[in-house]
Amino acid sequence: MHKMRALIFGAPGSGKGTYSARLQDRLGVDVISMGDIFRNMMQENSILGRIIKRYVEAGLLVPDPIVIEVLADRLANMPKEKSFVLDGFPRTIAQAEVLEKITPIDVVIELAVPDWIIIERLSSRRICKNCGAAYNLRFMKPEVEGVCDRCGGTLYQRSDDNPAVIKMRLELYASETSPLLRFYETTKVPLIKHTTDQLEMPPEKVVDYIEQELKKLNLF
Ligand SMILES: [Zn+2]
């Protein structure tokens, strides 16, 4: 039996990746990110990876039966006592209902970040072309303007990191996520909600809070 089975929800720019990585370091949980799994499968160029690539490149969602097969396989191949945090799944009620048949869920973690903070953060974000490291011109500047500290690569701004596109991504996230949060409320899965109220929220504080709430629920 997995010790803790958690879902994590957070808008693009909410810091979800950063917090999940820290939970992984601190608590030894496995972070299962559907996005990462798909990227790896596409790189490995397996049959399923090539099918997934066709959908992704056409800008389409990967169909549920494929997503579910991949996830069920991933869960079946990890140690049964290992805790996990699932990121990027479910995205729909239909997926949530299928997930119930694969594994029970003990807790939902929601990272609530006001839109203005996300817009500030993402519009000043810069990414290294070479290694993918992320910087922020407001509070995580590179030492030399436009150059990656780690590898010397060129920094660029993602084309979808502009306020108009960010607003659309946030609306999509909200319309996807609110029905899911209601679903887990009606199925009585406990919710840990962290609300960020400052632009430069120290990640450690958020992770401390989540850890403390997990302890209250006897999950750690
Ligand atoms: Zn770099």
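## Getting your bearings

Helices and strands here are DSSP runs, helices being H or I over at least four residues and strands being E over at least two, and both are numbered from the N terminus. By that count, the protein has eight helices and eight strands. What you're looking at is a predicted model, where local features need pLDDT of at least 70 and side-chain atom pairs count only at pLDDT 80 or more, while totals for chains, interfaces and linings use all residues. Residue numbers start from 1 along each chain as its sequence is written.

## Overall build

The radius of gyration (taken over C-alpha atoms) is 18 Å, close to the 17 Å that the globule rule gives for 220 residues, so the protein is as compact as a globular protein of that length. That rule is 2.2 Å times the number of residues to the power 0.38. Along its principal axes, the C-alpha trace spans about 50 × 45 × 30 Å.

Now for burial: a residue is buried if 20 or more other C-beta atoms lie within 10 Å of its own, exposed if 12 or fewer, and partly exposed in between, with C-beta atoms placed from the backbone. On that scale, 22% of the 220 residues count as buried. Contacts are pairs of residues whose C-beta atoms, placed from the backbone, lie within 7 Å. Of the contacts with a separation of 6 or more, 70% are between residues 24 or more positions apart.

## The five-stranded sheet

Strands of a sheet pair through backbone hydrogen bonds, either parallel or antiparallel. Two strands pair here if DSSP finds at least two bridges between them. Five strands make an open, parallel sheet in the order β2-β3-β1-β4-β8. At its edges stand β2 (30-33) and β8 (191-195), each with a single partner strand, so one side of each has no neighbour in the sheet. From one strand to the next, the twist averages 20°. Such angles run from 0 to 180 degrees between N-to-C directions, with axes being lines fitted to C-alpha atoms, for helices over the stretch in contact.

Helix α1 (residues 16-27) packs on this sheet, touching β1 (5-10), β2, β3 and β4 (107-112), and its direction makes about 165° with that of β3. Four bridges join β2 to β3 (residues 84-87), with Val31 partnered by Val85. β1 and β4 pair over five bridges, and Ile8 stands opposite Ile109. Another five bridges link β4 to β8, where Val108 faces Leu191.

## The three-stranded sheet

A second open sheet has three strands in the order β6-β5-β7, and this one is antiparallel. Its edges are β6 (134-136) and β7 (155-156), each with a single partner strand, so one side of each is left without a neighbour in the sheet. Two bridges join β5 (residues 125-128) to β7, and Ile127 has Tyr156 as its bridge partner.

In the loop between β6 and β7 you'll find Gly153. It has 17 C-beta neighbours inside 10 Å and counts as partly exposed. Leaving out residues up to four places away in sequence, Gly153 touches Cys128, Lys129, Asn130, Cys131 and Cys148.

## Helix α7

Helix α7 (residues 163-186) has 24 residues and reaches 34 Å from its first C-alpha to its last, close to the expected 34 Å. The expected span is 1.5 Å times one less than the number of residues.

At Thr177 the helix bends by about 25°, and Pro179 follows within four residues. The bend is the angle between axes fitted to the seven residues ending there and the seven starting there. After α7 comes Lys188, whose phi is positive, near 65°.

Technical notes: Two residues are in contact if their C-beta atoms, placed from the backbone, lie within 7 Å.
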